[in-house]
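Hi,

Here is the structure I promised to pass on.

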Amino acid sequence: MQNVSNASWERNAQGTENPLRELVTILFMQKWLIQRVAALVFLAVLAVLLFWPSVYQIDSTVLLKSKQVETSPEMLEETMLRVNPVNEDDLNSEVAIITSQAVLRRAVNKMVEQGLWQAPEEEADLVKATRGLEAKLTTQVVPSSKVIRISLAWSDPEEGNAILSAVINSYLSYRSTVFEPDTLRDLFTQQTEDYSSQLQQRRAEKMALIETHQAAAPAQEIEQNLTLLRELKLQHSRLEQEAQSLNHREQKLTQALSENALHYFSFIDNVTVQKLTTEIQMLVSRQTELEQVYLPDSPPAEALDHQIEQTYEILRDEIGTLQQELADQVALLRADINSLNQKMLTLSQRNVELQQVKLQMERLDQEIKLLGYSYETFYKRREQAQIQSRFSDEHLNAQVVVLVPPEAQLEPLFPRWKTMLPLGLLVALITGVCIGFINEFFDHSFKRAEDSERHLGLPTLLSIPQIDAAPHSAPKGDR
């Protein structure tokens, strides 16, 4: 009977695993949640379309073309003029000029002069207006051409046309001042003087650094200090070993003197000590012989004991003197070791200081090198500008022609109903379905009769559908 039930349960479980049926069932069970989420998302898209301020795109294009230079035989004899065709670098340079702060500031000032904008009260307001204009201005070089497209995104198309016109006019006027030989010569002269002053300042800083730290060649001094440190460490190690040896001997003598037993101190290499030790040994040998003849209380034995005590006391005094000498030697060695430690510490601190000086000098040398290169470059450019100043405007390699004046598009750039409405509907449906599936995934309750058979292995005898009182509430399925 149990096998029949299991087989029936497996057949029922296999029959319920229909992906399409499961998908349709989940969509049907979560339809109210899907509809609500889709409606909310679509309403948000509608709110953006209705209430978001429209942004229009204003476009203009300029053409950069090579300038035709007419030369006479006399000019050819005086100098050689060569005009290069417009290349990619020229186009990128023009784009950089268009988006430069100087051009945008001139455009902002023109808008203020025309009364379209309110005059900024502070420099921060002018900078804010310039940056805002820069954020909404885009430039692009048309591929395989010498045309630059300038675009502006603005809420008011008429005001956007006026702003883009001011930007183009400012660009043309500023460009003429940038490429003016006299202006260039003055600019290069000023830059040359600035770099020369900075060079002198960096060199003075380097000399002051050398004089302050007395380090003309820090790298060499660091190497010498490292060599001296190695020698001092060897000397320190030797003195430390010698001090430990003497200290060990001094401690051994102290321990021997503190004991009451008779010590001969034969390990001490000292003539006086050796003589006293030999004498004590002879007296002790005689004492052994007398003990065989006389009693310990006899006068000869007591006299010999007294003599041994006196001699041993002299030996102890001598050992004490040697102990003090060893202690003095250890103290001197410790003083030498402390002096070496102080020297090594001083050298280490000096090396740290020299390393910092070395890094600062390397930084100053690098800055001097870069400033020298910049100084040489601007010096040559100043000479070239002085040579080019003899001609009128042959130095201009290209001319700028406005192909298309600023013109606003008829439809706004954002928001666009034709694009965002169907896209918003599609996004709303996808979002609703995703939320429905997520809610179904986290809902672990039994919803169909097959669920109990699949998970519990028990047959379903009866299922009663749950009917909500409100007609708009979502059905929960068979429970």
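Glutamine 214 counts as exposed, because its relative accessibility is 61% (exposed means over 50% relative accessible area, buried under 20%, and partly exposed in between, with a 1.4 Å probe and protein chains only). Its phi is near 50°, a positive value in a residue other than glycine. You'll find glutamine 214 in the loop between α9 (181-213) and α10 (218-258). Helices (H or I, at least four residues) and strands (E, at least two) are DSSP runs, numbered from the N terminus.

Before you go further, note that this is a predicted model: local features need pLDDT of at least 70, side-chain atom pairs count only at pLDDT 80 or more, and totals for chains, interfaces and linings use all residues. Residues are numbered from 1 along each chain as its sequence is written, and side-chain values use heavy atoms, with hydrogens and water left out.

On confidence: pLDDT is the predictor's confidence in each residue, from 0 to 100. The chain has a mean pLDDT of 76, with 78% of its residues at 70 or more. Among the elements, β2 has the highest mean pLDDT (89) and helix α4 (residues 73-78) the lowest (42). Residues 391-395 stay under 50, and the model gives them 11 contacts beyond four places in sequence (a contact means heavy atoms within 4.5 Å). Residues 473-479 are also below 50 in pLDDT, with 21 contacts in the model beyond near neighbours in sequence.

Now the chain as a whole. It has 14 helices and 4 strands, and 28% of its 479 residues are buried. If you take contacts between residues at least 6 apart in sequence, 79% of them join residues at least 24 apart. The chain exposes about 31,300 Å², and carbon and sulfur atoms supply 56% of that (areas come from the Shrake-Rupley method with a 1.4 Å probe; for residues, only the protein chains shown count as cover).

Next, the strands. β2 (residues 137-141) and β3 (residues 147-154) pair in the antiparallel sense over 5 bridges; two strands pair if DSSP finds at least two bridges between them. Leucine 137 stands opposite leucine 152 in β3. β3 is mostly covered, with 6 of its 8 residues buried. The hairpin has 5 residues between the strands, and one of them, serine 144, takes a positive phi near 55°. Serine 144 is another residue other than glycine with a positive phi, and it is exposed, at a relative accessible area of 86%.

Then there is helix α7 (residues 123-136). At 1.5 Å a residue its 14 residues should span 20 Å, and its end C-alpha atoms are 20 Å apart, which agrees. The expected span is 1.5 Å times one less than the number of residues. Which residues of α7 are buried? They are Leu126, Thr130 and Leu133. These cover an arc of only 65° around the axis, so they sit on the same side of α7; the arc is that of the directions from the helix axis to the C-beta atoms. Ala124, Lys128, Arg131 and Ala135 are exposed residues on the face turned away from that buried side.

Helix α5 (residues 88-98) is worth a look too. Its buried residues are Leu91, Glu94, Val95, Ile97 and Ile98. Seen down the axis, the buried residues of α5 fall within an arc of 160°, so they line one face of the helix. The face turned away from the buried side carries the exposed residues Glu88 and Asp89.

Last, α11 and α12. The 23 residues of helix α11 (residues 271-293) should span 33 Å at 1.5 Å a residue, and the end C-alpha atoms are 33 Å apart, in agreement. Val273, Leu276, Thr277, Ile280, Leu283 and Val284 are buried in α11. Over in helix α12 (residues 299-388) you'll find leucine 315. Is leucine 315 buried or exposed? Leucine 315 is buried, with a relative accessible area of 0%.

Cheers
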